[in-house]
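Subject: Structure for you to look at

Hello,

Here is the structure I said I would pass on.

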Amino acid sequence: MLYMIGLGLGDAKDITVKGLEVLRRCSRVYLEAYTSVLTVGKEVLEEFYGRKLILADREEVEQEANNILKDADISDVAFLVVGDPFGATTHSDLILRATKLGIPYRVIHNASIMNAVGCCGLQLYRFGETVSVVFWTDTWRPESFFDKVKKNRQNGMHTLCLLDIKVKEQSLENLIKGRKIYEPPHYMSVNQAAQQLLEIVQNQRIRGEEPAVTEETLCVGLARVGAEDQKIAAGTLQQMCTVDLGGPLHSLIITGGSLHPLEMEMLSLFSIPEKSSESQSIDGL
């Protein structure tokens, strides 16, 4: 059996009782290590779970999945995923591969950023399509995701922006030369995402377009959701450029315009203080 086990969002103790019981009886336990990270490292997880973990990077999961599935038809193999197992399309692919090989599977769910963002007070059923915001480079500065933000705003829906994670990535030079040398892990902050979004807004104005988002659009920055030091800040997109949310992982929500009174009241709990160095608080919060 292949077991896909969600680990939740915080630390080692966020795994479910059912998930912990299953992984402790598996012959091999893989830890997916590229779509998200917990607030603790592999060693802490191993100590709490009482099992050695095999790190599975993007290359292994997407190109060498058969190594993970080896003997899973005659023994139990666990594949651990931060958040919920279906938080990334890669994991659906692994299940499809297992099914084609005649390997049964079972999924043990857990909290995901997709539902945990409700902690800020915005109502989950008012969210539209989720988007990913990637790190720009000198030669690659995609803006196409902004069309989805626009569509969500037109429909009065909030947009959850998942911010880029770079883990075990190679520089262009090392990639070209075939050198297995990797860059240090790099996690996009709310500040970086907001700055890129504002540049897209400016680009649209230069092209004579009416941007669906402006500097004054109400946004919510979230950091380390599910952890004890979780942080939330509500303010304008401009304020998101400077608000200090601390270490990774960060997420950004662009609100859908008109808010329910309960949403407004909840966001007021996280309003950036008027006297903070970032800027002034949101009107009405």
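**Surroundings of Gln196**

Leaving aside neighbours within four places in sequence, Gln196 is in contact (heavy atoms within 4.5 Å) with Val133, Val134, Phe135, Trp136 and Met188. This is a predicted model, where local features need pLDDT of at least 70 and side-chain atom pairs count only at pLDDT 80 or more, while totals for chains, interfaces and linings use all residues. Residues are numbered from 1 along each chain as its sequence is written, and side-chain values use heavy atoms, with hydrogens and water left out.

Gln196 lies in helix H9, residues 190–206 (helices are DSSP runs of H or I with at least four residues, strands are runs of E with at least two, and both are numbered from the N terminus). With a relative accessible area of 11%, Gln196 is buried (buried means under 20% relative accessible area, exposed over 50%, partly exposed in between, with a 1.4 Å probe and protein chains only). Its side chain reaches the backbone nitrogen of Trp136 at 3.2 Å.

**Salt bridges**

Side chains of opposite charge can pair when their charged atoms come close. A search of the whole structure finds 10 salt bridges (a side-chain nitrogen of Lys or Arg within 4 Å of a carboxyl oxygen of Asp or Glu).

- Arg126 pairs with Glu263, with the closest N and O atoms 2.4 Å apart. Arg126 is in the loop between helix H6 (113–116) and strand S6 (131–133) and Glu263 is in helix H11 (residues 261–267), so the pair ties together parts that are 137 residues apart in sequence. Both Arg126 and Glu263 are buried.
- Glu46 pairs with Lys42, the closest N and O atoms being 3.0 Å apart. Both lie in helix H2 (residues 42–49), four residues apart, about one turn of the helix. Glu46 is buried at 11% relative accessibility, whereas Lys42 is partly exposed at 25%.
- Glu143, Arg207 and Glu209 are linked in a network of salt bridges.

**The two domains**

The chain is divided into domain 1 (2–111) and domain 2 (114–269); these bounds come from an automatic or database domain assignment. Their contact takes 12 residues from domain 1 and 12 residues from domain 2. The centres of the two domains, taken over C-alpha atoms, are 27 Å apart.

What do domain 1 and domain 2 bury between them? The figure is about 860 Å², 57% of it on carbon and sulfur atoms (buried area is the accessible area, 1.4 Å probe, that two parts lose on being put together, summed over both). Across this interface the rule finds zero salt bridges.

Regards

Note on methods: A polar contact is a pair of N or O atoms within 3.5 Å; within protein, one must be able to donate a hydrogen and the other to accept it, and residues adjacent in sequence count only if both atoms are side-chain atoms.
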